[in-house]
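Please open the structure in a viewer and keep the sequence beside it.

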Amino acid sequence: CSTFYSEKNTSSANNKNAYTGLYFEYKPDSLAFIRFNENAGYSVNSYYNGAISQTNLKNGDFLNNGNRKNDNVSTSPSLNGQVSLNHRFNQSKRNIFISISNNLSNSANDLHNLSSNYFFTSNKVTDSLLVNQYQNNINKNAGIGTSVSYSEPMSKNSSLNLSYNYYYGKNNKSRNVYDYNLLSSLYDKYNDSLSSHYNNNN
C-alpha cells in the first residue's frame with residue numbers, strides 16, 4: 001500500500017576556538033642555535049539537531065510518528081611543541097642535530113540522545129520505541145619524541161648521515177553511556193553493553 005512520509009528538521013551549531021604560541025631562537029655562537037616552539041589551543045563546540053517525522057497511509061491513518069533530539073558539547077584542549085639544538089663543528093661539514101617534541105590533547109564530549117517512535121494500527125498505538133540516554137566520551141593522548149642526527153663528511157662531495165628516532169605515546173579512550181532513570185530523574189543507569197574503554201601505549 002502507498003505511504004506518505006514527512007519530516008521537519010532543526011539544527012544549530014556554535015564553535016569557539018583559541019590558540020596561542022611561544023617561539024624563540026638563541027644563537028650562542030655562529031656554529032650553533034637553539035630553538036623553542038610551543039603551541040596551545042582550546043576549542044568548545046556545541047551542536048543540536050531535532051527532527052519530527054510522520055508516516056501516513058494513503059487513507060490518512062497514522063502508520064508511525066517520531067520525535068528525535070540530539071545535543072552535543074565538546075571541549076578540546078591541546079599542547080604541542082619542540083625544542084631543537086643544531087651544532088656545526090668548526091668549518092667542516094660535520095653536524096649534529098637534536099630535537100625533543102611533546103604532544104598533549106584531551107577531548108571530552110557530552111551527548112544527549114532523546115527519541116520516541118510510536119507505531120499505529122487503525123490510528124491506535126500498538127508499539128513504541130523510546131530512547132533517553134546520556135553519553136560521555138573522553139579521549140586522552142600524550143606523547144614525547146626525540147630525534148638525533150649526525151652528519152660526517154666522507155669526501156668533498158659526499159657525507160655519511162646517521163639518525164635515530166624514538167617516540168612514546170599513550171592513548172586512553174572511554175565511552176560511558178547512561179540510561180535515564182524515571183525513579184531518580186537522573187541518568188544513573190549504566191549501560192554496559194554500549195560503553196567501552198580502551199588503553200594503548202606505544
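Which residues does Arg-175 touch, not counting residues up to four places away in sequence? Select Arg-175 and display its contacts (heavy atoms within 4.5 Å): Gln-135, Asn-136, Asn-137, Leu-194, Ser-195 and Ser-196. This is a predicted model, in which local features need pLDDT of at least 70 and side-chain atom pairs count only at pLDDT 80 or more, while totals for chains, interfaces and linings use all residues. Residues are numbered from 1 along each chain as its sequence is written, and side-chain values use heavy atoms, with hydrogens and water left out.

Arg-175 is found in strand β6; strands (E, at least two residues) and helices (H or I, at least four) are DSSP runs, numbered from the N terminus. Because its relative accessibility is 36%, Arg-175 counts as partly exposed; buried means under 20% relative accessible area, exposed over 50%, and partly exposed in between, with a 1.4 Å probe and protein chains only. Arg-175 and Leu-160 are 15 residues apart in sequence, yet 49 Å separates them in space, C-alpha to C-alpha.

**The whole chain**

Next, display the complete chain as a cartoon. The chain has eight strands and zero helices. The C-alpha trace spans about 95 × 40 × 30 Å along its principal axes. The radius of gyration, taken over C-alpha atoms, is 29 Å, whereas a compact globule of 202 residues would have a value near 17 Å; the globule rule is 2.2 Å times the number of residues to the power 0.38. Of the 202 residues, 20% count as buried. Among contacts with a separation of 6 or more, 61% are made by residues 24 or more positions apart.

Select residues 3-29 (strand β1) and 32-57 (strand β2), which pair in the antiparallel sense over 25 bridges. Two strands pair if DSSP finds at least two bridges between them. Colour Ala-18 and its bridge partner in β2, Tyr-42. The hairpin of β1 and β2 has two residues between the strands.

Four residues lie between the strands of the β2 and β3 hairpin, where Gly-60 takes a positive phi near 100 degrees.

**Two serines in loops**

Move to Ser-122, in the loop between β4 and β5. Ser-122 has a positive phi of about 55 degrees although it is not a glycine, and its relative accessibility is 58%, so Ser-122 counts as exposed. Ser-185, in the loop between β6 (159-181) and β7 (186-190), also is not a glycine and has a positive phi, of about 60 degrees. With 46% relative accessibility, Ser-185 counts as partly exposed.

**The largest pocket**

Finally, select Asn-67, Arg-68, Lys-69, Leu-114, Ser-115, Ser-116, Leu-130, Val-131, Asn-132, Gln-133 and Asp-179, which line the largest pocket. A pocket is an open set of points on a 1 Å grid over the protein atoms alone, where a 1.4 Å probe fits, with protein on both sides within 12 Å along at least five of seven lines; lining residues have an atom within 4 Å of a point. About 180 Å³ of space lies in this pocket. At least two lining residues come from each of β3, β4 (95-121) and β5 (124-153), and β5 gives the largest share, four residues.

Technical notes: Points joined across faces, edges and corners; volume = space filled by probe spheres on them.
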